[in-house]
Amino acid sequence: MLLRERSRWVEADWSELPGWGADRAAELWPALSRGCVRPASGWAELCARINRAPAPEDDAQAALWLMQHLKPYRVESHQGEAQGLVTGYFEPMLDATRRPLAGFQVPVLAAPPDLNQRRPYFTRQQIESDPQLRQRLRPLELAFLEDPLDLLVLQIQGSGRLRINDSAGRPQWIRMAFAGHNDHPYQSIGKALIERGELRPGEASWPGIRDWLRRNPQQARDLLWSNPRYVFFKEEPLPDPNLGPRGAQGVPLTPGRSIAVDRSSIPYGTPVWLDASEPLSNTPLRRLMMAQDTGSAIVGAVRADYFWGWGSEAEQQAGRMKQPLRLWALWPVTGS
């Protein structure tokens with residue numbers, strides 16, 4: 001048994017992993033190779049071997065390599081609870097402008113210079129409503145969105161792609177990456193609507209919240225301000241649209257192969273076997289993943305956030321995902 005700060009890892013056999021052998025194991029290799037750029041403690045030797053050798057030719061060869069070099073461990077809480085929760089996240093794709101124009105009045109802000117000196121920083125309501133503070137933050141405006149809810153979605157997901165015109169008027173995609181937050185607790189507006197009796201639990205998805213806001217525009221600001229957390233961004237180029245944003249490990253995320261975890265339970269750069277189900281269904285979702293990111297709500301031994309990618313389908317899948325979860329960490333065999 002291996003003990004972590006928030007979990008214990010119990011030795012398991014490969015036969016205990018539900019669905020092992022049915023996944024396209026070779027698809028893990030790009031995410032695994034990227035993770036080896038910043039290897040977890042104890043992974044340096046094996047990562048050097050991964051970087052020297054060609055990728056497996058097929059799924060069978062990939063699975064065999066993993067079984068030869070890694071040992072599975074069932075991830076549990078210290079109390080022995082092996083079931084947890086998996087949710088989903090994605091990278092929003094939004095239209096934006098460089099300057100405030102008709103219909104585009106919601107600023108995306110860079111991190112203020114005094115963000116780390118003032119903890120907690122100003123609340124969402126203060127940042128958006130205090131005239132003097134807004135004036136002070138004006139030089140930090142990176143872009144402008146149409147909808148305040150789009151800004152909130154961008155802030156919750158932690159990064160996003162903006163389609164914006166360059167100096168010649170040609171549309172281009174840029175990335176807004178996480179640059180810090182105001183150190184206030186995150187409060188779910190979906191949960192707030194449920195507690196107020198405005199929506200039932202099954203209705204508090206992003207489409208349901210957007211519909212409620214369209215029907216109740218006079219209450220929009222009050223609802224959004226019920227979440228005091230405010231996230232700041234930095235602009236990055238998007239040289240390869242097939243790669244996701246950098247996760248907390250510092251490497252690009254891979255759709256369908258990267259998850260966010262509690263690093264006190266699972267170190268970044270660890271391959272894991274995930275046993276869950278597709279959103280809103282009983283169809284098994286069992287596959288190899290890489291622990292490459294984290295999030296403020298991702299806390300606990302058996303807790304994960306599944307990166308679906310970008311675009312409307314990824315948004316739908318991520319917004320509907322809240323499934324029971326089991327995890328097995330795959331760790332190098334000593335002397336392998």
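Which helices and strands each supply at least two residues of the lining of the second largest pocket? In this predicted model, local features were considered at a pLDDT of at least 70 and side-chain atom pairs at pLDDT 80 or more, whereas totals for chains, interfaces and linings use all residues. Residues are numbered from 1 along each chain as its sequence is written, and side-chain values rest on heavy atoms, with hydrogens and water left out.

The elements concerned are β6 (106–109), α4 (124–129), α5 (131–137), α6 (148–157), α8 (206–215) and α9 (220–225), where helices (H or I, at least four residues) and strands (E, at least two) are DSSP runs numbered from the N terminus. A pocket is here an open set of points, on a 1 Å grid over the protein atoms alone, with protein on both sides within 12 Å along at least five of seven lines; a cavity is a set of points where a 1.4 Å probe fits but cannot get out, and lining residues have an atom within 4 Å of a point. Grid points are joined across faces, edges and corners, and a volume is the space filled by probe spheres set on the points. The second largest pocket has a volume of about 490 Å³, and of the 24 residues that line it, Q105, V106, P107, E128 and P148 are the closest to its centre. By class, this lining comprises 14 nonpolar, 1 polar and 9 charged residues, with Ala, Val, Leu, Ile, Met, Phe, Trp, Tyr, Cys and Pro counted as nonpolar, Asp, Glu, Lys and Arg as charged, and the others, Gly among them, as polar.

The volume of the largest cavity is about 30 Å³, and its lining is formed by W20, G21, A22, D23, A25, A63, W273 and L288, which divide into 6 nonpolar, 1 polar and 1 charged residues.

Helix α8, one of the elements that supply the pocket lining, has W206, G208, I209, W212 and L213 as buried residues, buried being under 20% relative accessible area, exposed over 50% and partly exposed in between (1.4 Å probe, protein chains only). Seen down the helix axis, the buried residues of α8 fall within an arc of 160 degrees and therefore line one face of the helix, the arc being that of the directions from the helix axis to the C-beta atoms. On the other side of α8, P207 and R214 are exposed. The cover over the buried residues of α8 includes α6, α7 (189–195), α9 and α10 (312–320), with contact defined as heavy atoms within 4.5 Å.

Aromatic pairs were counted where the ring centres of Phe, Tyr and Trp (its six-membered ring) lie within 6.5 Å, with planes under 30 degrees apart termed stacked, over 60 edge-to-face and the rest tilted; by this rule there are 12 aromatic pairs. W29 and W65 form an edge-to-face pair, at 5.5 Å centre to centre and with 85 degrees between the planes. This pair links distant parts of the chain, since W29 is in helix α1 (residues 29–35) and W65 in helix α3 (residues 59–69), 36 residues apart. Both W29 and W65 are buried. The rings of F307 and W310 have centres 6.4 Å apart and planes at 50 degrees, so this pair is tilted; F307 is buried at a relative accessible area of 1%, whereas W310, at 23%, counts as partly exposed. Ring pairs also link W9, W43, Y73 and W331 into a cluster.

Some backbone features fall in loops. A cis peptide bond, with omega of about -5 degrees, joins R119 and P120, and P120 is placed in the loop between β6 and α4. D183, although not a glycine, has a positive phi of about 70 degrees; D183 lies in the loop between β9 (171–181) and α7 and is partly exposed, with a relative accessible area of 40%. L280, likewise a residue other than glycine, has a positive phi near 55 degrees, is located in the loop between β12 (270–277) and β13 (284–293), and counts as exposed at 66% relative accessibility.

In strand β12, A276 is buried, with a relative accessible area of 10%. A276 and Q323, 47 residues apart in sequence, are 6.4 Å apart in space, C-alpha to C-alpha. Leaving aside neighbours within four places in sequence, A276 is in contact with V86, T283, P284, L285, P324 and L325.
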